[in-house]
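Subject: Structure for your files

Hello,

Here is the structure you asked about. My notes on it follow below.

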Amino acid sequence: MKKENKPAEEQEVKNVENTAEETQATETTETTAEQTAAEDLADKILKLNDQHLRLMAEFENYKKRTLKERADLIKYSGERVFVDMLPIIDDFERALAHLPEEDSPLKEGIIMIHNKFVNFLNSNGVKEMETKDQNFDMDLHEAISMFPAGDESLKGKIIDCTQKGYTFHDKVIRYAKVVVAE
């Protein structure tokens, strides 16, 4: 009987060992699967967090951009009206240049109206550009002619202005038409 029990005991020991190995292998597989699942979830959380931060930043930029656009829209809302008034100023200045030299009530009236008109434009942000003896700047001036300069120091400088340029809150609304020395 002892011989018969021995193989049964050995068989039972082998079964226990196999069961222990299978359990250990199953636990290792489960642990590895759990670790992989945890890593996948951590990666997913990082990606979602990154997406969230980017969307928040994009939304903040959108709010700032629209706020700036609204402010610019309000700031430059009357631009078209002032651009349409510039030829009237040009006409006043041509009239002032051709008035007779003697003082008359008509001349004083035209000068007074011109001054009020210029003051009105200045108070609303329309400024005349300085051009005389300035360096030519393509962002502010339009060269209509080049004139040979007798002096080297005049090269690239504006020697005459045929039409005044104007800015509206530091934005050019009409480029100055100038003659440049070369």
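Accessible areas here come from the Shrake-Rupley method with a 1.4 Å probe, and for residues only the protein chains shown count as cover. On that basis the chain has an accessible surface of about 14,300 Å², with 56% of it belonging to carbon and sulfur atoms.

This is a predicted model: local features need pLDDT of at least 70, side-chain atom pairs count only at pLDDT 80 or more, and totals for chains, interfaces and linings use all residues. Residues are numbered from 1 along each chain as its sequence is written, and side-chain values use heavy atoms, leaving out hydrogens and water.

Overall fold: there are three helices and six strands, in the order α-α-α-β-β-β-β-β-β along the sequence. Helices (H or I, at least four residues) and strands (E, at least two) are DSSP runs, numbered from the N terminus. Of the 182 residues, 18% are buried (buried is under 20% relative accessible area, exposed over 50%, partly exposed in between; 1.4 Å probe, protein chains only). Of the contacts (heavy atoms within 4.5 Å) with a separation of 6 or more, 64% are between residues 24 or more positions apart.

D90 lies in helix α2 and counts as buried because its relative accessible area is 9%. Leaving aside residues up to four places away in sequence, D90 touches Q163 and R174. D103 sits in the loop between α2 (79-97) and α3 (105-123) and counts as exposed because its relative accessibility is 67%.

Regards
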